[in-house]
Amino acid sequence: MSAPSVIRDVVFSTIPGYRPLALDLHLPGVDPGANGAAPVILFVHGGGWRLGSRAAFTPTISTAESFGRITEAGIAVVSVDYRLSGEAVFPAQVDDVRSALAWIREHADEFALDAARIVLWGESAGATLAALVGLEPTSGVLGVVDWYGPSDLIAMAELAPDEAAASREGQWLGTSALDDPELARAASPAYAVHSDAPPFFVAHGSADQFVPISQSERLTDALREQGVEVRFTTVEGANHMWRDIPDPAALVEPALAFAAGLFASEIVG
């Protein structure tokens, strides 16, 4: 069996007027005699839509314990960049993640990827994007892992109405969510839930100071109301990005098990 490898800086989208968008492809080791293709996790980074890059899974978890742990399980990871809010406002970032999903399907044979077995995984702002794309009826993904993502931008704005336009969410929308609630709802996964949505794995820290846990509770309730399979985990004492807990890397395992279960079910099905 060959060792896992990483192919970096693969351009997946070139939009006139913007920087080329790239992805890193983390490939699992494969048996040269095997005729199978690796299932795929499309990972979307956080950073309030303002910061961050595809290079880091989350600041509190090392590359080996995140990307490396997933590839050890025989799963490929496509970690993508997207236009930040200083470059473009919503829905540009959703378009970018959708383009990355299309790239995987177009290049699946080239990299021995299984285009029929894709799970979206995002953290914080990236979880919002992953959820929005995963909830699109035509996404074709098997599931979504949502780590502490904002799900209702109107509710977020109501926490500090005077600061809503200058907030991370306001910069992403280009306006206060309270001034344009229709736009805010379009950018909020909780309003996009439908009965045919794929299964979700949602995890959130009880002590999150940036995105309150009520945001994940709101999304979970919306999913359950539509009869969608959802696993919701409260991580006691965890702040944003899994800060303030002893072993953040341990939280990769239940989310990875969720994805692996979906991949296995697709093979059986």
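Which residues of H3 are buried? The buried residues of H3 are Ala125, Gly126, Ala127, Thr128, Leu129, Ala130, Ala131, Leu132, Val133 and Gly134, where buried means under 20% relative accessible area, exposed means over 50%, and partly exposed lies in between (1.4 Å probe, protein chains only).

## Basis of the description

This is a predicted model, in which local features need pLDDT of at least 70 and side-chain atom pairs count only at pLDDT 80 or more, while totals for chains, interfaces and linings use all residues. Residues are numbered from 1 along each chain as its sequence is written, and side-chain values use heavy atoms, with hydrogens and water left out.

Helices (H or I, at least four residues) and strands (E, at least two) are DSSP runs numbered from the N terminus.

Glutamate 136 lies in the loop between helix H3 (125–134) and strand E6 (143–147). Leaving aside neighbours within four places in sequence, glutamate 136 is in contact (heavy atoms within 4.5 Å) with Val94 and Arg98. With the side chain of arginine 98, the side chain of glutamate 136 makes a polar contact at 2.6 Å; such a contact is a pair of N or O atoms within 3.5 Å, and within protein one must be able to donate a hydrogen and the other to accept it, residues adjacent in sequence counting only if both atoms are side-chain atoms.

## The eight-stranded sheet

An open sheet of eight strands runs in the order E1-E2-E4-E3-E5-E6-E7-E8, with mixed pairing; two strands pair if DSSP finds at least two bridges between them. Strand E1 (5–13) and strand E8 (230–235) stand at the edges, each with a single partner strand, so one side of each has no neighbour in the sheet. Within the sheet, strand E2 (residues 21–27) and strand E4 (residues 76–80) pair in the antiparallel sense over four bridges, and aspartate 24 stands opposite serine 79 in E4.

Helix H2 (residues 92–111) lies across E1, E2, strand E3 (38–44), E4 and strand E5 (113–123), running at about 145 degrees to E5. Axes are lines fitted to C-alpha atoms, for helices over the stretch in contact, and angles run from 0 to 180 degrees between N-to-C directions.

## Glutamine 171 in helix H5

Glutamine 171 is placed in helix H5 (residues 168–173) and, at 31% relative accessibility, counts as partly exposed. Apart from neighbours within four places in sequence, glutamine 171 has contacts that include Arg50, Ser85 and Val89, and the side chain of glutamine 171 reaches the backbone oxygen of alanine 166 at 2.9 Å.
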